[in-house]
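Keep the sequence and the 3D view open as you read.

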Amino acid sequence: MSSAPAAELQGGSVSGPPSPFDYFFDRAFRGLAYAGAASILLLLALILYEIGGKALPGIREHGVALLVSSNWDVKAGEFGILPAIWGTLYSSLLALIIGGAFGVAMAIFLTQDFLPPRLAQVFRTIVELLAAIPSVVYGLWGIFVVIPVIRPVADWLHDKLAVIPFFSTSLAGPGMLPAAMVLAIMVLPTVAAVSQDALRLVPYKVKEAAYGLGTTRWEAILKVLLPAARNGIFGALVLGFGRALGETMALAMLVGNSNQVTLSLFAPANTLAALLALNFPEAGPKEIPVLMYAALVLLAITLLVNIAGSAIMVLAGRQGGAR
Amino acid sequence: MNAVVSRAEAAARNEPDALPIERQPWEARSLTSTFLSALVWVMAVIAAIPLFSVLYMLAVKGGSRLSWEALTSLPPAGFEMGGGFGNAIVGTIAMVGIAAGISVPVGILCAVFLSELGPESRTANAVRFAAKTLTGFPSILAGVFAYAMVVLLTGHYSAPAGGLALAVLMVPTVILTAEEAMRMVPKIMKDAAYGIGCTRTQVVLKVVLPTAMPGVLTGVMLAVARAAGETAPLLFTALFSSYWLYHEGEWAFGQPTASLAVLIFNFSGMPFENQIELAWAASLILVLLVLVVNLTSRFIAHRRV
């Protein structure tokens, strides 16, 4: 870009003022980069505008009633997404409990010198590859591996403990539990990765001080390290929850898509994302505003959770830096 | 536990120096520690099971059906035997290509702005916030967005609509990794370039970008790997098709387009053995594709250090 470098070299100097073309090109490129940055803001605004705008007729027609009704009858024009909202929150919460416990355990396992560095790297790669497998493949695996494996256990629990609402129905095939289990596998890598970062932020000196007081390894972890990293770990759980809320395919394939609000782990249910995935491809003009409304609800829930998660992470980072 | 404590207390009362300074393995707190260590070991191994189970099933079920025919022919209908998913492979590559064509230039330009032109500006902070928000954006909503933008407007499902949905998902990854890579470029190199009279553009194009290229590429490849496996955004933007992208002598960019991910989803719910076998074989190809891209990006990232 600089004008005739060879000539300048002959003159004994590599430096020189930019040519008019260089100035022009510089201006143009900077403008382009600015436009690129602005386009991201525009994209976010456009997403909100498009989904919100297309949902507006649905909101006008159905209002709050859509959020609290459980009917879904296209012919009668009756729509309700309460079971989907409930299913989204319930499945994500279950996934967070399972995936969160395993994720935090994995983070402790990988950061607290349980393994020689090489083996730790192997486990770290395993966790990262878990995140790399497409969710539709997990869905397929869930149908043909998870459901057959847990069915005997589920039947036994239903036979013996049907009084407990969690086990009140039998597992007919797809249902909440297999969906939540597969969802937990997808939440685990997020929780594990972010918690590992949080645990690494705790200075090594703190751990040495705890050991110096004569604590066992686990007293040091439970009473010193985890409290010190709690904001980061909490942030990891919130981000994992956000991930679970928006996950679509595994749920569309495993949750059973039935519009009911139930506590039972073995009953088929529905989620917002699965509702969108299954109804959009054949949606008629009556359904589209309703589905856009449901998309807006999902957007609002995930945005809220993700922003909360990011805010907690920023807070945790500041505290980590201050120590 | 009581016995141990009282013995220790007694020892402490009578003769402080006799207190055992080493922890005994049968002490309650040592046992708790050992138990918890065993527990995390077990949990870590359990957490690794799904990956190996998935890989095993893919190798057995997918590997047995994989053949030249499966890779190159069109999807079978209902009771048909044979068939394959050649058009889905082409469709996936085409749509990820469209998505990369949109998201990579925009993402890199955006990262240039964030790291070099106005890192502390208000716009930069807003853009960074928007990009982080988009990383947590549910993939299905990217599909809803592309549906509203393209499908409702043009009136039909198409490959560009699918590509746009994937681009929305790729762009934040490209921006954030590229920005980080460009920030790692030593300031001294940039100062040297400014010192010999380079314009900011020249510094970016001749010093910052070439130096940060491995990091930028890592981000691009991670984004590609993620996009290739995405199903939800394609379900109602590209839909599915049983024909080639190029058929009857013309490109069908305005028509529904097949992709591996949507094929797996469609076939997994069918009551036909043949289709389910094909779903496994397609999963194997998809996972291989994703893992190869993912591992390559890891390799590039390692080389950088």
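Two residues are in contact if their C-beta atoms, placed from the backbone, lie within 7 Å. With that cut-off, A:Ala295 touches A:Ile51, A:Ala55, A:Leu276, B:Leu141 and B:Val144, leaving aside residues up to four places away in sequence. The model is predicted. The points below go from whole chains to single residues.

**Chain A as a whole**

- Chain A holds 13 helices and two strands.
- The radius of gyration of chain A is 26 Å, whereas the globule rule gives 20 Å for 323 residues, so chain A is more spread out than a compact globule.
- Along the principal axes, the C-alpha atoms of chain A fill a box of roughly 90 × 65 × 35 Å.
- Of the 323 residues in chain A, 45% are buried.
- Take the contacts in chain A between residues at least 6 apart in sequence: 76% of them join residues at least 24 apart.

**Chain B as a whole**

- Chain B holds 12 helices and two strands.
- Read from the N terminus, the elements of chain B run α-α-α-α-α-α-α-α-α-α-β-β-α-α.
- The radius of gyration of chain B is 28 Å, well over the 19 Å that the globule rule gives for 305 residues, so chain B too is more spread out than a compact globule.
- The box filled by the C-alpha atoms of chain B is roughly 100 × 70 × 35 Å, taken along the principal axes.
- Buried residues account for 47% of the 305 residues in chain B.
- Among contacts in chain B between residues at least 6 apart in sequence, 74% join residues at least 24 apart.

**Where the chains meet**

- In the contact between the chains, 71 residues of chain A face 69 residues of chain B.
- Helix H2 (residues 20-62) of chain A supplies the largest share of chain A's side, with 20 residues.
- By class, that side of chain A has 50 nonpolar, 14 polar and seven charged residues.

**The largest nonpolar core**

- In soluble globular proteins, nonpolar side chains tend to be buried together.
- The largest nonpolar core here has 197 residues.
- Which of its members touch the most other members? They are A:Met106, A:Leu183, A:Leu276, A:Ala294, A:Ala295, B:Ile264 and B:Ala282.
- Helix H7 (residues 176-201) of chain A gives the most to this core, 18 residues.

**Helix H6 of chain A**

- Helix H6 (residues 135-161) of chain A has 27 residues.
- A straight helix of that length would span 39 Å at 1.5 Å a residue, but H6(A) spans only 32 Å between its end C-alpha atoms.
- H6(A) has a kink of about 45 degrees, centred on A:Gly142.
- A:Gly142 is one of the buried residues of H6(A).
- Other buried residues of H6(A) include A:Ser135, A:Val136, A:Trp141, A:Ile143 and A:Ala154.

**Helix H6 of chain B**

- Helix H6 (residues 139-154) of chain B has 16 residues.
- From its first C-alpha to its last, H6(B) reaches 22 Å, close to the 22 Å expected at 1.5 Å a residue.
- H6(B) bends by about 40 degrees at B:Tyr147.
- How many of the 16 residues of H6(B) are buried? The count is 12, and H6(B) is mostly covered.
- Among the buried ones are B:Leu141, B:Val144 and B:Tyr147.
- B:Leu141 and B:Val144 are also contacts of A:Ala295.
- After H6(B) comes B:Gly155, whose phi is positive, near 85 degrees.

- A:Leu96 sits in helix H4 (residues 82-111) of chain A.
- Is A:Leu96 buried or exposed? It is buried, with 24 other C-beta atoms within 10 Å.
- A:Leu96 touches A:Val187, A:Leu237, A:Gly240, A:Phe241 and A:Ala244, not counting residues up to four places away in sequence.
- A:Leu96 and A:Arg230 are 134 residues apart in sequence and 16 Å apart in space, C-alpha to C-alpha.
- B:Phe299 lies in helix H12 (residues 273-304) of chain B.
- B:Phe299 is partly exposed, with 13 other C-beta atoms within 10 Å.
- B:Phe299 and B:Pro214 are 85 residues apart in sequence, yet 9.8 Å apart in space, C-alpha to C-alpha.

Key: Residues numbered from 1 in each chain as written. Chains lettered and ligands numbered in written order. Predicted model: local features only at pLDDT ≥ 70, side-chain atom pairs only at ≥ 80, totals over all residues. Helix = DSSP H or I, 4+ residues; strand = E, 2+ residues; numbered from the N terminus. Nonpolar A, V, L, I, M, F, W, Y, C, P; charged D, E, K, R; others polar. Core = buried A, V, L, I, M, F, W, Y, C linked by C-beta atoms within 7 Å. Buried ≥ 20, exposed ≤ 12 C-beta atoms within 10 Å, placed from the backbone. Expected span 1.5 Å × (residues − 1). Bend = angle between axes of the 7 residues up to and from the residue. Rg over C-alpha atoms; globule rule 2.2 N^0.38 Å.
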